[in-house]
Amino acid sequence: MKVRRALPADAAALAALERQQPRAAGWGKNGFVAELAQPCAWIGCAEQQGEIVGFLALRCAAGCAEILNVAVAPHHTRQGIGRALLQQALAALRAQAAEQVSLEVAQDNVPAQALYAQAGLKPLGRRKDFYGPGCDGLIMGMNL
């Protein structure tokens, strides 16, 4: 597996992968094209045998980063792809001298919370019913 920075030519593949994961943000191809054009955006993608099998998108401005959209292909979960993407993203942020990173994850997405906690992110707060009635968004973050 190779993790690399996504290119505008990857937008259709990123959108196709995103459609496979209902918890992803739902940007679609045009959303990825727009995000890739943002100077404050970074999208990393994991590739296996020429296929994009995961991505992580973030924005960083004024030393503060937010992870916005993450997905791993259903047939590639539990293979360390999310961990590799997160490690690459944190390394990219540190190289930019970012000071902190945060994200939001559904309270019932325990595997994702565990991944983020292993990387050092801690719970900071909640957004009540953010993912629908009875499913809060857990805000996690850390200083870099």
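**Entry 1: loop residues with positive phi**

I began at D129, which lies in the loop between β6 (122–127) and β7. The model I am reading is predicted. I looked up the backbone of D129 and found a positive phi of about 55°, although D129 is not a glycine. Most residues other than glycine have a negative phi, and I therefore noted the value.

I next turned to R78, which sits in the loop between β4 and α3. Its phi is near 65°, again a positive value in a residue other than glycine. R78 has a relative accessibility of 76% and therefore counts as exposed.

I located F55 in strand β3 (residues 51–61). Is F55 buried or exposed? Its relative accessibility is 0%, so I recorded F55 as buried.

I then listed what F55 touches, leaving aside neighbours within four places in sequence. The contacts of F55 include L14, L17, E18 and F32. I also found I43, G44 and C45 among them, as well as N69, V70, A71 and L85. For Q38, which is 17 residues from F55 along the chain, I noted a C-alpha separation of 17 Å.

**Entry 2: the pair α1 and α2**

I examined how helix α1 (residues 11–19) is placed against helix α2 (residues 28–36). Their axes come within 8 Å and cross at roughly 130°. The two helices are therefore oblique to each other. I recorded the crossing of α1 and α2 as right-handed.

Which residues of α1 and α2 meet? From α1 I listed A11, A12, L14, A15 and E18; from α2, G28, K29, F32 and V33. By type, the residues of this contact comprise six nonpolar, one polar and two charged. L14, E18 and F32, which take part in this contact, are also among the contacts of F55.

**Entry 3: the two faces of α4**

I looked up helix α4 (residues 110–118) and found A112, Q113, L115 and Y116 buried. These residues span an arc of only 160° around the axis, so they lie on the same side of α4. I kept in mind that an α-helix has 3.6 residues a turn, so residues three or four places apart point the same way. On the face turned away from the buried side of α4, I noted the exposed residues V110 and Q118.

Finally, I asked what covers the buried residues of α4. The cover includes β4 (64–72), α3 (81–95), β5 (100–106) and β7 (137–143).

Technical notes:
Residues numbered from 1 in each chain as written. Predicted model: local features only at pLDDT ≥ 70, side-chain atom pairs only at ≥ 80, totals over all residues. Heavy atoms only, no water. Axes fitted to C-alpha atoms, helices over the stretch in contact; angles between N-to-C directions. Helix = DSSP H or I, 4+ residues; strand = E, 2+ residues; numbered from the N terminus. Parallel < 35°, antiparallel > 145°, perpendicular 65-115°, else oblique. Left-handed = near helix turned anticlockwise from the far one by under 90°. Contact = heavy atoms within 4.5 Å. Nonpolar A, V, L, I, M, F, W, Y, C, P; charged D, E, K, R; others polar. Buried < 20%, exposed > 50% of the residue type's maximum accessible area, 1.4 Å probe, protein only. Arc of directions from axis to C-beta.
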